Each structure stands twice: as structure tokens, then as C-alpha cells.
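Subject: Structure handover

Hello,

Here is the structure for your files. My notes follow below it.

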Amino acid sequence: MSNLHVSFEFFPPKTPTMHEKLWSAVNKLAPLRPDFISVTYGAGGSTRERTHETVSRIIKETNIPVAAHLTCVAATRDEIDAVLKSYWAAGVKHIVALRGDPPNGAGEPYIPHPDGYANAAELAAGAMKIAPFEITVGCYPEKHPDSPSMNADIDMLKRKIDAGATRAITQFFYDNTAFLRYRDSIRAAGVDIPIVPGIMPVTNFSGMRRMADICGATVPGRLVKLFQNLEDDPSTRRLIAVTVAAEQCQELAEHGVNHFHFYTLNRDGLAYALCHLLGVRPMGKAVDNAA
Ligand code: FAD
């Protein structure tokens with residue numbers, strides 16, 4: 001499975017300790033030659049400067065392509081266009097274009113800024129007017145909670161592609177059948193861009209469950225059983241998390257998936273171990289198939 005492509009997602013650090021953790025993760029994972037590293041954008045633009053600083057430093061200090069996430073929340077088109085222009089000037093050519101969640105948290109109705117971009121399709125179109133960015137967008141194997149139906153959700157994905165998106169990364173999911181069903185549906189609807197599974201190893205089961213409830217992601221009964229009675233045992237939870245995520249990726253690879261996007265949460269160990277299990281090794285240390 002060494003022909004797999006990987007990408008890693010980080011969030012911009014707030015404190016010096018978090019800063020150190022991020023750079024330790026970037027330095028550990030960069031030799032795996034990810035297709036790109038992406039850096040998230042905090043709710044309501046709260047990390048605007050930090051996201052910019054982080055992507056700029058990754059560009060300067062690694063030779064890994066970088067993607068900056070950007071959302072439409074609580075900003076005018078002019079403000080967002082200024083961020084896009086500053087990214088392009090800093091050498092950031094790849095944007096993960098997102099609507100974002102309501103400032104009061106996912107689950108509340110989303111009200112676009114009156115002078116802003118209303119959704120990710122409008123943002124992608126706005127970005128393409130500024131410069132020929134590579135555009136990645138989000139997609140939802142189990143339907144975005146705001147979508148009235150899966151068909152409406154797929155129509156939204158098509159609008160994002162019409163606006164310039166050339167790749168979609170999924171919301172995290174643990175039910176591979178949901179992903180495979182979704183892939184079949186979008187292909188039948190004429191969507192032919194790469195759909196990259198977003199993989200989030202479960203280290204904090206109760207936290208993941210809360211997030212999954214908000215996002216509408218299924219938590220399979222098998223996962224519930226595996227994490228039972230491990231509330232006070234983080235080291236075992238980590239081992240199980242890597243095993244479960246590796247099994248998830250291996251099954252998807254058997255179904256033709258060849259690129260995984262890992263939500264690293266700025267930790268190096270899990271994503272590195274996962275890549276190792278999948279045969280993704282540092283440059284010059286290819287898996288010896290004869291061994
Ligand atoms: P969109 O695709 O614009 O819209 C989501 C849904 O809303 C659509 O599917 C559709 O059902 C409905 N909708 C929107 N506009 C319309 C319309 N005009 N008419 C009808 N229906 C409409 N959030 C952050 O804050 N920062 C990040 O860095 C970040 N990174 C992410 C990375 C990935 C890979 C993913 C999958 C999500 C990320 N998110 C991030 C979360 C994301 O912002 C939320 O999931 C948000 O609720 C939807 O964003 P979107 O770009 O998918 O929205």
C-alpha cells in the first residue's frame with residue numbers, strides 16, 4: 001500500500017507550548033512527503049493572523065505544499081478578499097474553502113454576513129476571481145446537518161465544483177459503508193473530482209461522540225464496545241485508536257481509496273504510526289516488499 005497519498009491537517013497554535021507541539025508534529029510528519037499540509041481557520045476568523053503565520057512558516061521551513069483553510073463567517077467579502085490576496089502574496093496557492101459554522105456553534109441556524117459570501121461555493125468563486133487558487137472543499141458522506149436531503153447536499157457539492165473546487169475532503173466518519181455509498185451516489189450524479197476521506201483517530205471517545213452527534217456521523221456499535229471501560233486509560237485508548245483507524249483505511253484502500261487526509265489535532269505520534277502501518281514511510285525508507 002506504499003503508493004498511498006496522505007495529507008495532514010493542523011490547527012494554528014495559541015500558546016508557546018502548543019506552538020512547540022505543532023512544530024514537533026510538522027517535523028515528524030514532513031518526511032512522509034504528504035501531498036499537502038493544511039491549517040484550519042478558527043470560528044469567526046478568530047485565528048486569521050495565526051493561520052497566516054502558520055502557513056507562511058510551513059512554506060518557509062518545509063518544502064511541503066500548504067493549504068490554508070478559510071471560512072465565510074462574520075466577515076464581509078472585502079475582508080475575505082483581503083485575506084485571499086495576502087495568502088497569494090505569501091505563496092499560499094491552495095485554499096480549503098468552507099462556509100464555517102454559526103458563531104454560536106454548529107447546530108444553530110447559519111446566518112450569512114449581509115455583505116459576505118453566503119457559502120463555500122460563493123467563497124470558491126470569489127477566490128478564483130482573485131487568483132487561480134487550487135480549491136479544496138468539504139463534503140459529507142452522511143449529509144451535512146443543514147441539508148434537507150442527500151440530493152440537496154450533492155447539489156451543493158456540484159455548485160462548489162462549478163465554482164472551481166478540484167478536490168473534496170470528507171467530514172470524519174467511522175462507518176465505511178456510508179462513505180462507499182456516498183461515493184457511488186456522487187459518481188452517479190456526475191461528480192468526478194477526488195473525494196478524500198478525512199480520518200480522525202478516536203483518542204477521546206466521549207468527545208468524539210459529542211462531535212459526531214452534532215455532525216450527524218454514525219458511531220458504529222463496534223466502536224462503542226472497543227472503547228468501553230477505557231475512560232481512565234488513555235494509553236490503551238491511543239493503541240486502540242491507531243488500530244481502528246488503520247483498519248478503517250485498509251478497508252477503504254481495498255475499495256480503491258488512495259489518498260487519506262488525517263485530522264492530526266497537532267499530535268505527531270498517531271498519524272505517524274498510522275502511516276507506518278499503511279506502508280507510508282519517510283523518504284528513502286521505502287517498504288521492502290521482499291522482506
Ligand atoms: P457549504 O458547503 O457552503 O454548506 C453546507 C451545507 O449548507 C450545504 O451542504 C447545504 O446543505 C447548506 N447550504 C449552504 N448554502 C446553501 C444555499 N445557498 N442553499 C441551500 N443550501 C445551502 N470549519 C471552520 O470553522 N474552520 C475550518 O478550518 C474548517 N475546516 C474543515 C475542513 C473539512 C475537510 C471539513 C469537512 C469541514 C471543516 N470545517 C471547518 C467545518 C465546516 O465549516 C462546517 O462543516 C460547516 O458547517 C459547513 O461548511 P461547508 O464549507 O461544507 O459549507
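Which residues line the largest cavity? They are Pro201, Phe262, Tyr263, Thr264, Leu265, Arg267, Leu270 and Ala271. A cavity here is a set of points, on a 1 Å grid over the protein atoms alone, where a 1.4 Å probe fits but cannot get out; lining residues have an atom within 4 Å of a point.

Before the rest, the ground rules. This is a predicted model: local features need pLDDT of at least 70, side-chain atom pairs count only at pLDDT 80 or more, and totals for chains, interfaces and linings use all residues. Residues are numbered from 1 along each chain as its sequence is written, and side-chain values use heavy atoms, with hydrogens and water left out.

Cavities

The count is 3 cavities of 30 Å³ or more. The largest cavity holds about 70 Å³ of space. That volume is the space filled by probe spheres set on the points, with grid points joined across faces, edges and corners. Its lining divides into 6 nonpolar, 1 polar and 1 charged residue. For the classes, Ala, Val, Leu, Ile, Met, Phe, Trp, Tyr, Cys and Pro count as nonpolar, Asp, Glu, Lys and Arg as charged, and the others, Gly among them, as polar. Strand E9 (259-263) and helix H10 (269-277) each supply at least two of the lining residues. Helices (H or I, at least four residues) and strands (E, at least two) are DSSP runs, numbered from the N terminus.

The second largest cavity has a volume of about 50 Å³. Its lining includes Tyr140, Pro141, Phe172, Phe173 and Cys215. By class, that lining has 6 nonpolar, 2 polar and 2 charged residues.

Strands

E9 also pairs with strand E1, in the parallel sense, over 5 bridges. Two strands pair if DSSP finds at least two bridges between them. Tyr263, a lining residue of the largest cavity, is the bridge partner of Glu9. E1 (residues 5-10) is mostly covered, with 5 of its 6 residues buried. Buried means under 20% relative accessible area, exposed over 50%, and partly exposed in between (1.4 Å probe, protein chains only).

E1 pairs with strand E2 (residues 36-39) as well, again parallel, over 4 bridges. Phe8 stands opposite Ile37 there. The chain runs from E1 through helix H1 (residues 16-29) to E2, and this β-α-β crossover is right-handed. Right-handed means that, with the strands pointing away from the viewer, the path from the first strand over the helix to the second runs clockwise.

Salt bridges

The whole structure has 5 salt bridges. Each puts a side-chain nitrogen of Lys or Arg within 4 Å of a carboxyl oxygen of Asp or Glu. Three of interest:

- Arg57 and Glu61 meet at 2.9 Å, N to O. They are 4 residues apart in helix H2 (residues 48-61), so about one helical turn separates them. Arg57 is partly exposed at 30% relative accessibility.
- Glu122 and Arg77 have their closest N and O atoms 2.8 Å apart. Glu122 lies in helix H4 (residues 120-130) and Arg77 in helix H3 (residues 77-90), so the pair ties together parts 45 residues apart in sequence. Glu122 is partly exposed at 29%, and Arg77 at 34%.
- Arg222 and Glu247 meet at 2.7 Å, N to O. Arg222 lies in helix H8 (residues 221-226) and Glu247 in helix H9 (residues 234-254), so this pair links parts 25 residues apart in sequence.

Best wishes

Terms used. 1 Å grid on protein atoms, 1.4 Å probe; cavity = no way out; pocket = protein on both sides within 12 Å on 5 of 7 lines; lining within 4 Å.
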